Amino acid sequence: MAARDDATLLTARWVVGHENGRHCLYENGEVVFQGDRIVYVGPRYPGAVARRHDYGRALIGPGFVDLDALSDLDTTILGFDNSPAWRKGRIWPDTYMQRGPYEMYTPDELAFQKRYAFAQLIRNGITTALPIASLFYRVWGETRDEFLSAARTAGELGLRVYLGPAYRSGHTYVDGAGRIRCHYDAARGMAGLEQAVAFADEVEGLYDGRVRAMLSPDRIETCTPELLRASAAAARERAIPIRLHCCQSRLEYDLVREQHGMSPPEWLRSLGFLSERALLPHGTYVSGSRQIERPGQDLEIIRDGGATVVHCPLVSARHGATLESFARYRKLGVKIGMGTDTWPPDMVLNMQVGLMLCRVMDQSTEAVRSEDYYDAATLGGADALGRADLGRLAPGAKADIVVFDFSHDRNGQLIDPIQTLMVGGSGRDVSQVVIDGRFVMVDGRIAGFDARLAQDQAQAQFDRLVARYPDRTWGHPPVDEIFSSSYPRFPGSPS
């Protein structure tokens, strides 16, 4: 048989295939793709190919789908051991508002942070990303121009993305007495939606379909009912995803109840917001949980509305929260996808933390298994996007493929590749990434991205941001009072 000119065969000790609606494992399996599509997955390909790559003691699987993908210089570390948030610059003081908020990043810095973050996603095996960045450091919302730049960056790097600038009607702030208040500018929110819709119509389908559109109203407590209704209608008309951070804090939950007399899911239902297009990070504060003891049907409302909870266990755990529990949500029939939303954007670590938290919450090692989280990070995200061609390696699916290198000794002993990934694996084990049939990372290197130089630039940009923190912190204390040191610090010798 003549070799197909553009057919490529990958083989490894383990391959995650897909049969009869679920993942399966092939020992010494092979994956063949031609152009941007998978044409074969199985034990031994009967045809001829143009190229062959044997990765040896490795796992070949589908790329991860990240529904809340870090696209920022993550500032989680600033609040990790420094709280409460309102005293540490995570909520604007009224004095900063009165002077006039300003952009803490230049346009060039915003462009760099997307390039830096997108490369990190690829390096961790994430092939489809819905970017998220903080609005804490912005005048108000994200802009068309910065997201056109993000689209170009994704196109150059080869990352599959759903893009939409974040917009909002308001924000919380701290008054002079240390009380958290809300400020709203409804017209500004609607203008943000108008810009986001125009952007969606402009970018949908760029870069051979790898760049798609979404809508990103910021957080439920920062939106007016009119903005949420209009956003849901725009997403419905265009059949595109819409993401809204929801049920992620006690403050948010209480604000929504105070302002609207309903829980966040109840309010979304009343607005007609919930649908199969709706993506809801983080879903940790719901009725009947330890965080929210009041009775209610929050999870059932989300389930019946068709929305997907975007589970971000690593960042939630860092803030002292978790789903109660992943197993319970699944048993209720709630759809669950995964998001990173923090540094490192390591989906493997994210899954590991989620699995452990679920077993702790349910006090049972039988509550959840490794494959349940792997499904959520692949099939769960793909299904939330209505993409049966993503999150799986099967004939006809997109050739979005990740190779995990198990040839070193840091993973321990192997009995099952998915279980090994969940016990000893890491995003740093990703060695090769194929997206849309293109090798975007080979042997840990992304063409055109110098990781060392990018890290130096990221740290310098981060240091400039931290230096401005007194401007946006209640009482305007100096930096060393805002951020504590783990141990006493002493000056070193001059360099």
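Four salt bridges are found by the rule across the interface of domain 1 and domain 2. Keep in mind that this is a predicted model.

Which elements give two or more residues to the side of domain 1 that touches domain 2? There are strands, namely β2 (14–19), β5 (37–42), β7 (58–62), β21 (401–405), β22 (430–435) and β23 (438–442), and there is α14 (417–424). Of these, α14 gives the most, with six residues. Sorted by type, the residues on this side of domain 1 are 23 nonpolar, twelve polar and six charged.

Now for the two domains themselves. Domain 1 is made of two stretches of the chain, 1–62 and 394–449, while domain 2 covers 63–393. Their C-alpha centres are 30 Å apart. How many residues of each domain are in contact with the other? For domain 1 the count is 41, and for domain 2 it is 38. Between them the domains bury about 3,100 Å², and carbon and sulfur atoms account for 63% of that. On the domain 1 side, Pro-62, Met-422 and Phe-449 supply 22% of the area buried against domain 2, which is more than any other three residues.

Next, the chain as a whole. Its secondary structure comes to 16 helices and 24 strands. Along the principal axes, the C-alpha atoms fill a box of roughly 75 × 65 × 50 Å. Why compare the radius of gyration of the chain with that of a compact globule? With 495 residues, such a globule would have a radius near 23 Å, and the chain has 23 Å, so the two agree.

Last, some backbone details. Most peptide bonds are trans, and most residues other than glycine have a negative phi. Here are some exceptions.

Which peptide bond is cis with omega near 15°? That bond runs from Pro-281 to His-282. His-282 sits in the loop between β18 (278–281) and α9 (298–305).

Another cis peptide bond joins Glu-324 to Ser-325, with omega about -10°. You will find Ser-325 in the loop between α10 (313–318) and α11 (326–332).

Then there is Asp-208, which is not a glycine but has a positive phi of about 55°. Where is Asp-208 placed? Look in the loop between α5 (186–203) and β15 (211–213).

Key: Residues numbered from 1 in each chain as written. Predicted model: local features only at pLDDT ≥ 70, side-chain atom pairs only at ≥ 80, totals over all residues. Heavy atoms only, no water. Domains from an automatic or database assignment. Contact = heavy atoms within 4.5 Å. Buried area = accessible area lost by both parts, 1.4 Å probe. Salt bridge = Lys/Arg side-chain N within 4 Å of Asp/Glu carboxyl O. Helix = DSSP H or I, 4+ residues; strand = E, 2+ residues; numbered from the N terminus. Nonpolar A, V, L, I, M, F, W, Y, C, P; charged D, E, K, R; others polar. Rg over C-alpha atoms; globule rule 2.2 N^0.38 Å.
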